[in-house]
Amino acid sequence: MKINRQYFFYILFAVCSTALNFFVQKICEVIFYSFNNTFFSFQLYKNIDIATLLKLSAATAAAFIFKYTADRFLVFKKGKYATAKKEIARIGLYTLFSIFTTFLFWAVQLLFKIYFQLEYLGLILGLAAGYTIKFFLDKHVVFSH
């Protein structure tokens, strides 16, 4: 598969993952803010509360599981399992790179929320930057063998 086609499908699934991330965040907001609870609304820094961190975590976990499955089986065509050691290494690298790009995404989203009150623009820009960087890491490191 040519890199352009791989990148197209990688970004297509990234868009799906971004939509999933957004919808999980919105569902979490409805749930967390429906409680009149001081725990969820406790301000950690400026307008960042506990509910914001919990929704980011839940959405990131859901998007990670979806994206890894799509990347492994559909984008990079790694359908057959290798040795346990190789699979653990692959998942470990994917996770490590995901953590790096997640921190990038979170930083952009939270900075846009704090400074511009445009949290979801930050979500889109942060995920776009993170997924573009991660494509090259996944292609050349995680799924190269």
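Reply: One definition to begin with: buried means under 20% relative accessible area, exposed means over 50%, and partly exposed lies in between. Keep in mind that this is a predicted model.

Me: By that cut-off, is D71 buried or exposed?
Reply: The cut-off for buried is under 20% relative accessible area. D71 has 0% relative accessibility, so D71 counts as buried.

Me: Which residue does D71 meet in a salt bridge?
Reply: Side chains of opposite charge can pair when their charged atoms come close. Here the N to O distance is 2.6 Å.

Me: How many helices and strands does the chain have, and in what order do the elements run?
Reply: The secondary structure comes to five helices and two strands. Read from the N terminus, the order is α-α-β-β-α-α-α.

Me: What does the C-alpha trace span, and what share of the residues is buried?
Reply: Along its principal axes the C-alpha trace spans about 50 × 30 × 20 Å. The chain has 145 residues. The share that counts as buried is 39%.

Me: How many salt bridges does the structure hold, and which residues are linked in a network?
Reply: The structure holds eight salt bridges. The residues linked in a network of them are K26, E29, K55, K113 and E119.

Me: Where does E29 lie relative to K26, and how far apart are their closest N and O atoms?
Reply: Both sit in helix α1, residues 3–34. They are three residues apart, so the separation is about one helical turn. E29 is buried, with a relative accessible area of 15%, while K26 is partly exposed at 31%. Their closest N and O atoms are 3.0 Å apart.

Me: Which parts does the salt bridge between E29 and K55 tie together?
Reply: The side chains of E29 and K55 meet at 2.5 Å, N to O. Both residues are buried. E29 and K55 are 26 residues apart in sequence, so the pair ties together parts in helix α1 and in helix α3, residues 50–75.

Me: How are α3 and α4 oriented to each other?
Reply: Two packed helices are described by the angle between their axes and the distance between the axes. The axes of α3 and α4 are 11 Å apart, at an angle of about 140 degrees. Their crossing is right-handed. Over 145 degrees would count as roughly antiparallel. At their angle, α3 and α4 are therefore oblique.

Me: How are α4 and α5 oriented to each other?
Reply: The axes of α4 and α5 are 8 Å apart. The angle between them is about 160 degrees. Their crossing is right-handed. The cut-off for roughly antiparallel is over 145 degrees, so α4 and α5 are roughly antiparallel.

Me: How far apart in space are F105 and A128?
Reply: F105 is found in helix α4. F105 is buried, with 3% relative accessibility. In sequence, F105 and A128 are 23 residues apart. In space, C-alpha to C-alpha, the distance is 8.4 Å.

Me: How far apart in space are F143 and I91?
Reply: F143 lies in the segment after α5. F143 is buried, with a relative accessible area of 4%. F143 and I91 are 52 residues apart in sequence. Their C-alpha to C-alpha distance is 9.9 Å.

Me: Which element gives the largest share of the nonpolar patch?
Reply: The patch covers about 860 Å² of surface and is made by L44, Y45, L53, L111, Y115, F116, L118, L121 and L125. The elements that give two or more residues are β1 (43–45), α4 (84–116) and α5 (119–142). The largest share is three residues, and these come from α4.

Definitions and conventions: Residues numbered from 1 in each chain as written. Predicted model: local features only at pLDDT ≥ 70, side-chain atom pairs only at ≥ 80, totals over all residues. Heavy atoms only, no water. Patch = residues over 30% accessible without salt bridge, like charges linked within 9 Å, V, L, I, M, F, W, Y side chains within 5 Å. Areas by Shrake-Rupley, 256 points an atom, 1.4 Å probe, with all protein chains shown as cover. Salt bridge = Lys/Arg side-chain N within 4 Å of Asp/Glu carboxyl O. Helix = DSSP H or I, 4+ residues; strand = E, 2+ residues; numbered from the N terminus. Axes fitted to C-alpha atoms, helices over the stretch in contact; angles between N-to-C directions. Parallel < 35°, antiparallel > 145°, perpendicular 65-115°, else oblique. Left-handed = near helix turned anticlockwise from the far one by under 90°. Buried < 20%, exposed > 50% of the residue type's maximum accessible area, 1.4 Å probe, protein only.
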